[in-house]
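Please keep the sequence and the model in view while reading.

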Amino acid sequence: MQVIRGVAGGLMLLAGLFCSTAWAQGLPKIAEFYFDDDVAARPVQALPPEQPDLVEQLMKLRERGRKGVEATVQLAAIAYAESRVELGDKLYQEALAAVSENSSQARGIRWNQGWSLYRHGNAEGALQQWSAAAQAARGNGAWVPPTLALALWTLGRRDEAVQWYAAAVRTEPQLWNDPSRLAQLLPAWKDEERARLAEVQQAWAANPPAWP
């Protein structure tokens, strides 16, 4: 797909918008269990990805003010997938500026941007966005331990990655102690992402950390 002719020129960004690293607050403190289903940890999609003329239809939604935030986030993800990183960042920033800072929408935008960053080779930026999303949540989302473990392992912070993976195992030991279950547990992840998390699982199995 040829991305988004005219989107960059049409953006009216406010001065002082959040930058990609504005919420870099360090990692959240590891809790004992992570049972919560976090509604923010979902791909933001205003339209089905298979929609004909997807980009044009998303632009129309933005122009009409219908599902504007969702359309902007989906366009940002498309821009990242086509290596239009600067445009993707601007779109994510525009979406964040349109919602309440502590809302579930803001957390969802950060979760989505984290995946865009990670899949474009920026694990550090992804970790910042995911950490911010996790810290702003009221509960302990089940997505947090494996996702942070993935980013930390990618960054070479392997002891920390194992500590986070251990939180997943404490929560659901019959699931996360078996690497053959990762495809079932993480169906939206890419094969190479599950393979990397399997390395974390192996490191955990070799030397499970104690709690606390």
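## Overall fold

A contact here means that heavy atoms lie within 4.5 Å. In this predicted model, among contacts between residues at least 6 apart in sequence, 64% join residues at least 24 apart.

The protein has 11 helices and zero strands, and its pattern along the sequence is accordingly written α-α-α-α-α-α-α-α-α-α-α. Of the 212 residues, 47% are buried, while the accessible surface of the protein comes to about 10800 Å², with 49% of that area belonging to carbon and sulfur atoms.

Helix α2 spans residues 54-64, and its buried residues are Leu 54, Val 55, Leu 58, Met 59, Leu 61 and Arg 62. These residues cover an arc of only 155° around the axis, and therefore they lie on the same side of α2. An α-helix has 3.6 residues a turn, so residues three or four places apart point the same way.

The exposed residues Glu 63 and Arg 64 are carried on the face of α2 that is turned away from its buried side. After α2 comes Gly 65, which has a positive phi, near 75°.

## Arg 194 in helix α11

Arg 194 belongs to helix α11, which covers residues 191-206. With a relative accessible area of 13%, Arg 194 falls under the 20% cut-off and is therefore buried.

When residues up to four places away in sequence are not counted, Arg 194 touches Leu 182, Ala 183, Leu 186, Pro 187 and Trp 189.

Key: Residues numbered from 1 in each chain as written. Predicted model: local features only at pLDDT ≥ 70, side-chain atom pairs only at ≥ 80, totals over all residues. Heavy atoms only, no water. Helix = DSSP H or I, 4+ residues; strand = E, 2+ residues; numbered from the N terminus. Buried < 20%, exposed > 50% of the residue type's maximum accessible area, 1.4 Å probe, protein only. Arc of directions from axis to C-beta. Areas by Shrake-Rupley, 256 points an atom, 1.4 Å probe, with all protein chains shown as cover.
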